[in-house]
Amino acid sequence: METVSQCNDFFSVRTLNPLASVIRLPAVKDIPGQLQFGFNALLVRGRTDFQPTCLGRKECDFSDGALVALQPNVQVDPCIWEYGKEKADGLLLCFHNRLFNPCLKGKMSTRYSFFRYGIDESLQLSLRERITLEKEIDDIENELCWGFDEFSCTILAERIRLLLDYVSRFHKRQFILRHDRNQKLVNRADQWIEDFFRSGKARYVPLPTARDFAGMFGCTSDYFNDLLKHETGKCTEDYVNSKRISFAVVQLRKGDRDIKDVAADLGFPTDQVFCSLFRKLRGESPEDILSKSGAEFLN
């Protein structure tokens, strides 16, 4: 389905605006197993006792609904449409990139990175959260019924942005509830990073990225990056670099290696690049660490 209008036709819904639509999914509609949207979409499902495991609900999550964010041009997993023997129901919000594209690179991409989460990383909703999202979607639908004027696109974009901000807030809440589970992943990542630098692989192997950790833990790179930032306050790149410099401090304090050798061992192209990052993260230079180590040795 390349356009919002095509999607409306499929679900027998009148097109009020070719850039956005709210579809109340009928309980009797058969949805094809292979489906792909050419636009952004959010699916809000209500509480059910037949929620499929593919949505990824954990024992620490709420169970009063679920939200699935779908980015354009990615095949939709058919499991999201059915709960056990029940056919699809719920609210489907579709909006075209011309309103605004939450998947664009830059600030907006980071703000709404949940569009690139996997289906099994979907948002599990409390009753209050589901009611809030349904109300915001109702407001979007009401705006669509106004028709077109010079304010239409602006108001629609702002209402959709407000909805997405609520989704971001609720994802943050979900990270809080999953803290114990997520901390175990961070601890495993810590051990992997430590083993990586201790082995000397950094000399000839690129530094680990969010994609590497995602492959290790069976999640998407955006989900891991957001998880790590929630738990540590740092994105994957910054976190790896902080561990890198911490390891450098340990090596320098031994007093038996020079700066150039430590820099090379940690994968820095030059010792100047190493010193620059070291000062930025530590507020002191590698030479300061060496001089302190020498003073301690003399004492």
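**Entry 1: Arg 257.** I looked up the contacts of Arg 257 (heavy atoms within 4.5 Å). Leaving aside neighbours within four places in sequence, I found Gln 251, Leu 252, Val 262, Asp 265 and Leu 290. This is a predicted model: local features need pLDDT of at least 70, side-chain atom pairs need 80 or more, and totals for chains, interfaces and linings use all residues. Residues are numbered from 1 along each chain as its sequence is written, and side-chain values use heavy atoms, without hydrogens and water.

Where does Arg 257 lie? I placed Arg 257 in the loop between helix H8 (236-253) and helix H9 (259-265). Helices are DSSP runs of H or I, at least four residues, and strands are runs of E, at least two, numbered from the N terminus.

Next I checked polar contacts (N or O atoms within 3.5 Å, one able to donate a hydrogen and the other to accept it; residues adjacent in sequence count only if both atoms are side-chain atoms). The side chain of Arg 257 joins that of Asp 261 at 3.0 Å. With the side chain of Asp 265, Arg 257 makes a polar contact of 3.4 Å.

**Entry 2: H5 and H7.** I compared helix H5 (residues 179-198) with helix H7 (residues 221-232). Their axes, lines fitted to C-alpha atoms over the stretch in contact, come within 10 Å. They cross at roughly 100 degrees, on a scale from 0 to 180 degrees between N-to-C directions. H5 and H7 are therefore roughly perpendicular, a term for 65 to 115 degrees. The contact includes His 179 and Leu 185 of H5, and Phe 224 and Glu 231 of H7.

Note on methods:
Angles under 35 degrees count as roughly parallel, over 145 as roughly antiparallel, 65 to 115 as roughly perpendicular and the rest as oblique.
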